[in-house]
Amino acid sequence: MNLAGFFANFTYVVTTLLLVIGLYGMIGKRNLIKKLIGLSVFQTAIFLFYIYGAVQPGGTVPVWDARFAAAAQYINPLPHVLILTAIVVSVATTGVALALSVAIYRRYGTLDETALLERMKRDS
Amino acid sequence: MTHIPVLIPAPLLLAAFLVPLAGMLHKGLAAAVALAGSAAAAAFAVLGLGKVIAEGPLHYELGNWPPPVGIEYILDPLSAFMAVVVTVTGFLSLVYFRPSARHEIPDRFVTGHAVALLLLAGLSGMVVTGDLFNLFVFLEIASLSAYALVAIGDKQAPVAAFRYLILGSLGGSFYVLGVGFLYFATGSLNMADVAERLAPIYHSRAVIAAAVLIAVAMALKMALFPLHLWLPDAYTYAPSAVAGLIAPIMTKVAAYVLIRVFLGVFQPSFAIDHIPLLPAISWLAAAGIIFGSVMAIAQQDLRRMLAYSSVSQIAYVGLGLGMANPLGLVGALLHVANHAFMKACLFFVAGSLRYRTGSVRISDLAGMGRKMPWTFAAFTVAALSMIGIPPAAGFFSKWYLLLGALEVGNGWFVAAILLSSLLNAAYFFRGLEDLYAKPGGKEDESRVAEAPVGMLMPTLLLAVGILVLGLLNSLIVTEMLMPVASGMYQR
Amino acid sequence: MEFVLASRPLLAVSVSLLAAILIVVCGRWPNLREGWTLLAAVTKFGLVFSLLGDVLGGRTPGVTLFEVSPGIALALRVDALGISFALSASLLWILTSVYSIGYMRSLGEDHQTRYFASFAICLSSTIGIAFAANLLTFLIFYEMLTIATYPLVVHKGTAEALAAGRKYLVYLLTGGGALLLAVAWVRHIAPTLDFQPGGILPNTTGATELALLLILFVIAVGVKAGLMPLHSWLPAAMVAPTPVSALLHAVAVVKAGVFGFARVTGFVFGADMLQRSGVINPVAALAAATILLASLLAMAQDNLKRRLAYSTIGHLSYIILGIVLVTPDAWRGGLFHIITHAAMKITLFFCAGAIYAKTHRENISELDGIGKQMPVTLGAFGVASLGLAGVPPMGGFLSKWFLAGGTLAAEQPALLAVLIISGLLNAGYLFPIVYRAFFRRSDQFTKFAEASPLMLVPLCLTALLSVGLGIFPDAFFHWFSLASETAMSVLQDTVK
């Protein structure tokens, strides 16, 4: 195993790990809130990916300074901006999901997917 | 530079903000503002289409920032066509929304209108934008609105909405991850710019990963078999007005994104030869066509039958795209318009049935042909079109898709298209038999009359539209779709 | 006026569509409603008849509407084959409409508005099929005919009718699917979809491709044309009211099938391509088998209409056989048989319906001695039976004569034997009915009590037509010349 490669790409490894954990949460867990947590973890992994991609080794904050003329000397601000948008989307999504969970709990008294499907079938 | 591209989502966004304010004064005013905004968007879309056919693509730079630095909105024949389909169908759905929402979801009347407008704004924004990340923003606007709208329906609606949310957000996240890969590989987010910059790096793993991620994301949003799991419940339990809004256009816009990305941004040869993405899509679509039709036959609930039918129909679009030839693409795009009209009409009918009888079971259609003659005349036209009887529109989508399949020489696709027509006949004629041949049920005779005008008018307009689309399809194909298709495949 | 003259083909197709709308609107006033049907039928016939002069003069008037697919327009063109079919359908519609009025009112049937409106749309589609100038127009009207006939098949609304309707749809929509594929395929390989005598397929088409394509077309039109084993829907569809069985399932729908077969073989494939495909002999064998099997099955039926249904299946295969033999006499005979069989079969169905309306009896075993009560009806039945068996001087004899000549010219004496045997079988399943009606005593039928004149007059007229076609095959309508002309235009290179 190429340890040097592993550590050089450490962030990407963590990103992948988080993606997988998030996916597992969304699919493998029965509780709706846990699914939501899985989604959150998944989305956070994506944020991490973008932000890491913005990194410039030795770069400074993306505020224009006459001393640093080359673009490669600044951290790329664009991914940060994109992620701000994505975070807002994520927050909104989580908000909607939590509201839905409240509504579901009020109607069915459970947040367990299997139990829910059973009760829904009885309603049809 | 012209303003028309941005004037398509803009009135919808503006109206979305004004509707709650208007609603505080008077509910009817809220609906009126919504209709006005939607009508304006549709008008601009049609105007834009006319201009594009006459003069060529229209560009708009947001904030006057030139691309590729700034965000650009483009109306080319493809996006203009999609914009017209989305806004016109959206307008008719909003007309229908008013009486239906007043009956089914009265305490959400005003907010329902506002969120519906946000949905339309998101969808039309997705269609006109020329920037990959901007597309994500609009995608999420539309998706969140959809989750919320689905949730205000029946008792089971929030659960259906939750599943839709999880799967939909997964899709959106995959998309943004894919765009991230593309950005880091090419350094740009503007579609045209990325297309140029991709040229030397098609072999890089980042690009391939990006392609696969975006494809999976859009396949999920499009409910392409086997990623369709969120659709049946969502369409079944949503309020009738919402089903009529989402079902015709939501999945189509996702299909549009696939077309735009894999034929417009990536070179077609990438998705065909380099990684067998389009072939994979076409096979899954063929399976989806049959799967959706078979599942639809087994349903007792009219809405669920229509939902599975939608899975099958969007797979036609997937098949046309995946076939990778101009005729197939023409068939796919024509079917986008045709199916929008057909499915909207059918869901409107289901909603009208529920409005008058409170029921949604197919068996309760018995004898309704006499009690609601106009509504079910429209149903008959839409059903015959879905089966593929000329001269209704549905026949012509199948015609072009068949021609495309013959061109590719794939017998399985041919078989899938023909078999699905028969399967469609099976589940629609069950409904038609009940409607006309069986005697009526036990409902109170006096209560059941024709649907109210506000619901009947859009239904009938769509039914007429189905016939018009069918008869005039050649005009649409030669003026708009063939240029798009041959343009894309020439690259 | 100029415009009206030029657009006669289009008017001929659409006059009954307009009538259908008027029929629905006037549903509450039966006499007015029926008036629209009759007016439309007479107008349609008048328009079609006026086009006859043009065709006999060597012209092929047509109307091209807008494009429905890039390069292919919705187009109508009237040639000898088309006008022959259109004349018979529109003439017989007038008689059937009068008959329908009598039948429906005698029995007090429900849903008469739906019935008459659907009938009008069916006739519109039929004329559209007859006048279609290209394969796509043909396909469009062909499918419209399927859908328009459905309400008529399930008219009674009983479980049996609905089941028959479902069977009908499965068969005909499958045929429609095969037709769609076949037409798309032709589009794929040929430069045009316009019908041309002698064919439109390129010379470079390989034998296997031709074979597959022809098989698809055979399935497509064979369903409507009752070619075995695609025939089962026909006997099941007898559950429909008799006027429906009479016009549609003896004259319009099934004849659209054989007409389509003539169009495809003569105007899409052409004699050369047919030979190259190597499918001619299997199809001929299938047609021959159908003729014999159908005649045998007819003998086994007690239900009168079902017996007539199997008889129809057999006679349709006469036409298919004639067409597939690709010799001039075979074509003359086959195409003329479209007309003679229509006249004779419709007479038989009219009689069956009159009997049912008057006595509510459907089975042959119950009809002993009915000649005493309904001599005119049974007389007409007898006349038509003679024709179907091929007895001179009936029209049926003439068409069979030419078919026989065609089998000899094609050097297939076995097929001649099939024709002769079938004639005997026809006699075997039709003559006993007449014999038992007149020469067996029965207590139930003692006094003269014919069905309403609205039914009686049409069936006498069609019986007279059956005789007339044999003695004066070209009188008024020039049907025989039209058949001959079509045969020559299609087979000009192969005349031996």
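This note goes through the chain contacts, salt bridges, helices, strands and selected residues of a predicted model.

1. Salt bridge in chain A. Over all chains the structure holds 21 salt bridges, and one of them joins Glu113(A) to Lys35(A), with 3.4 Å between the closest N and O atoms. This pair links distant parts of the chain, since Glu113(A) belongs to helix H5 (residues 113-123) and Lys35(A) to helix H3 (residues 32-54) of chain A, 78 residues apart. The two partners fall into separate accessibility classes when the cut-off for burial is set at under 20% relative accessible area: Glu113(A) has 22% relative accessibility and therefore counts as partly exposed, while Lys35(A), with a relative accessible area of 7%, is buried.

2. Salt bridge between Asp76(B) and Arg260(B). In chain B, Asp76(B) and Arg260(B) form a salt bridge whose closest N and O atoms are 2.9 Å apart. Asp76(B) sits in the loop between strand S2 (72-75) and helix H3 (77-104) of chain B, and Arg260(B) sits in helix H10 (residues 240-265) of chain B, so the bridge ties together parts that are 184 residues apart in sequence. Both Asp76(B) and Arg260(B) are buried.

3. Salt bridge in chain C. The side chains of Arg8(C) and Asp54(C) also meet in a salt bridge, with an N to O distance of 3.4 Å. Here too the pair links distant parts of the chain, with Arg8(C) in helix H2 (residues 8-25) and Asp54(C) in helix H3 (residues 30-56) of chain C, 46 residues apart. Arg8(C) and Asp54(C) are both buried.

4. Salt-bridge network in chain B. A network of salt bridges links Glu104(B), Asp154(B), Asp301(B), Arg303(B) and Arg354(B). Of these, Arg303(B) may be examined in more detail: Arg303(B) lies in helix H13 (residues 302-322) of chain B and is buried, with a relative accessible area of 7%. The side chain of Arg303(B) reaches the backbone oxygen of Thr236(B) at 2.8 Å. With neighbours within four places in sequence left aside, the contacts of Arg303(B) include the network members Asp154(B) and Arg354(B), and among the others are Tyr235(B), Thr236(B), Ala238(B), Phe347(B), Ala350(B) and Val360(B).

5. Helix H14 of chain B. Because 29 of the 32 residues of H14(B) are buried, the helix is largely enclosed by the rest of the structure. Just after H14(B), Gly358(B) takes a positive phi of about 75°.

6. His335(B) within that helix. His335(B) is placed in helix H14 of chain B and is buried, with a relative accessible area of 1%. The side chain of His335(B) makes a polar contact at 2.7 Å with the side chain of Gln313(B). When residues up to four places away in sequence are not counted, His335(B) touches Gln313(B), Tyr316(B), Val317(B), Ala340(B), Met342(B) and Ser397(B).

7. Strand S1 of chain B. Strand S1 (residues 58-61) of chain B has a covered face, made of Leu58(B) and Tyr60(B), and an uncovered face, made of His59(B) and Glu61(B). In a regular strand, side chains alternate between the two faces of the sheet. S1(B) and S2(B) run antiparallel and are joined by 4 bridges, and Leu58(B) stands opposite Leu75(B) in S2(B).

8. Ala220(C). The place of Ala220(C) is in helix H8 (residues 207-224) of chain C, where Ala220(C) is buried, with a relative accessible area of 2%. Not counting residues up to four places away in sequence, Ala220(C) touches Tyr142(C), Gly175(C), Ala178(C) and Leu179(C). Ala220(C) and Gly270(C) are 50 residues apart in sequence, and their C-alpha atoms are 18 Å apart in space.

Notes:
Residues numbered from 1 in each chain as written. Chains lettered and ligands numbered in written order. Predicted model: local features only at pLDDT ≥ 70, side-chain atom pairs only at ≥ 80, totals over all residues. Heavy atoms only, no water. Helix = DSSP H or I, 4+ residues; strand = E, 2+ residues; numbered from the N terminus. Buried < 20%, exposed > 50% of the residue type's maximum accessible area, 1.4 Å probe, protein only. Polar contact = N/O pair within 3.5 Å; in protein donor to acceptor, adjacent residues only side chain to side chain. Contact = heavy atoms within 4.5 Å. Pairing = 2+ DSSP bridges.
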